[in-house]
Amino acid sequence: MRKLVRLAVLVGLAIWAWRRFAGPSGPRERAGVSYADGSSVVLEPGSVGFERLASIARAALRP
Amino acid sequence: MDAAEALRELTELSSQIESAVVLGADGSVLASTHEDSTRAAALASSTLELVGAAFELNTQRLEVTRVEVELEDGALFVLRDGGRTIAAITGPDPTSGLVVYDLRTCLHGIAEPEQKKKRRTVRKAKEEDE
């Protein structure tokens with residue numbers, strides 16, 4: 001039983017350390033578009049579609 | 001509820017929304033949280049440009065119903081329903097589901113009186129026929 005608790009604590013610590021040091025840092029950028037037929041697309045940074053939408057949004061966010 | 005009233009209610013309810021604009025089917029500004037009309041027009045222009053760009057992304061040329069762009073500095077949400085378009089700017093890392101829900105509720109709040117009016121007109125016409 002003690003071994004099991006120790007293992008659970010170790011696994012928890014390992015997950016925390018992974019998220020803390022190796023996980024994504026800072027706010028995640030993304031864009032999503034939905035269409036009339038119910039379909040939708042998610043665009044990640046680096047794609048042409050994302051950069052186009054992001055440039056328009058950046059201009060709108062500028063005060 | 002008119003568009004200005006709906007927007008006022010929206011900004012009171014949602015702490016995440018910093019500014020918003022409602023556009024008519026022709027792209028004209030129906031209401032805005034900006035007192036400065038130049039800023040309202042700029043947001044309206046960006047909204048229409050964003051919808052246009054999103055439309056071009058789809059090869060089937062389907063109507064765009066929603067666009068959301070989340071960036072480090074903040075996010076821009078656009079929703080289209082019943083010929084109207086609503087756009088809102090939030091700060092960074094928004095709860096997108098909640099923002100979209102609030103925007104949809106706002107749009108429906110504007111649309112309702114017209115629908116009721118139409119229904120009443122149809123009923124009145126039927127009564128006259130009888």
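B:Arg66 stands opposite B:Leu79 in β4(B). The model is predicted: local features need pLDDT of at least 70, side-chain atom pairs count only at pLDDT 80 or more, and totals for chains, interfaces and linings use all residues. Residues are numbered from 1 along each chain as its sequence is written, while chains are lettered from A and ligands numbered from 1 in the order in which they are written.

**Confidence**

- The predictor gives the complex an ipTM of 0.80 and a pTM of 0.77.
- Chain B has an average pLDDT (the predictor's confidence in each residue, from 0 to 100) of 87, and 85% of the residues score at least 70.

**Layout of chain B**

- Chain B holds 3 helices and 5 strands. Helices (H or I, at least four residues) and strands (E, at least two) are DSSP runs, numbered from the N terminus.
- Along the sequence, the pattern is α-β-β-α-β-β-β-α.
- Of its 130 residues, 35% count as buried. A buried residue has 20 or more other C-beta atoms within 10 Å of its own; an exposed one has 12 or fewer, a partly exposed one lies in between, and C-beta atoms are placed from the backbone.

**The sheet**

- An open sheet of 7 strands runs in the order β2(A)-β1(A)-β3(B)-β4(B)-β5(B)-β1(B)-β2(B), with antiparallel pairing. The edge strands are β2 (40-43) of chain A and β2 (29-32) of chain B, each pairing on one side only.
- Two strands pair if DSSP finds at least two bridges between them.
- Strand β1 (residues 30-35) of chain A runs antiparallel to β3(B), joined by 6 bridges. A:Tyr35 has B:Val64 as its bridge partner, and A:Val33 has B:Val67.
- β3(B) also pairs with β4 (residues 75-81) of chain B, antiparallel, over 5 bridges. The two form a hairpin with 4 residues between them, and B:Gly74 in the turn has a positive phi of about 160 degrees.
- β3(B) is largely enclosed by the rest of the structure, because 5 of its 7 residues are buried.
- On to the next strand: β4(B) and β5 (residues 84-90) of chain B pair in the antiparallel sense over 7 bridges. There, B:Leu76 has B:Ile89 in β5(B) as its bridge partner.
- α2(B) packs on the sheet, touching β1 and β2 of chain A together with β1, β2, β3, β4 and β5 of chain B.

**The interface**

- 25 residues of chain B are in contact with 22 residues of chain A. Contact requires C-beta atoms, placed from the backbone, within 7 Å.
- α2 (37-57) and β3 (64-70) of chain B each supply at least two residues of the side that touches chain A.
- That side of chain B has 13 nonpolar, 4 polar and 8 charged residues. Here Ala, Val, Leu, Ile, Met, Phe, Trp, Tyr, Cys and Pro count as nonpolar, Asp, Glu, Lys and Arg as charged, and the others, Gly among them, as polar.

**The core**

- The largest nonpolar core has 42 residues; among those touching the most other members are A:Leu53, A:Ala57, B:Leu50 and B:Val67. Such a core is a set of buried Ala, Val, Leu, Ile, Met, Phe, Trp, Tyr and Cys residues joined through C-beta atoms within 7 Å.
- α2(B) gives the most to this core, with 7 residues.
- Not counting residues up to four places away in sequence, B:Leu50 touches A:Leu53, A:Ile56, A:Ala57, B:Val67, B:Leu76 and B:Val78.

Technical notes: Two residues are in contact if their C-beta atoms, placed from the backbone, lie within 7 Å. Axes are lines fitted to C-alpha atoms, for helices over the stretch in contact, and angles run from 0 to 180 degrees between N-to-C directions.
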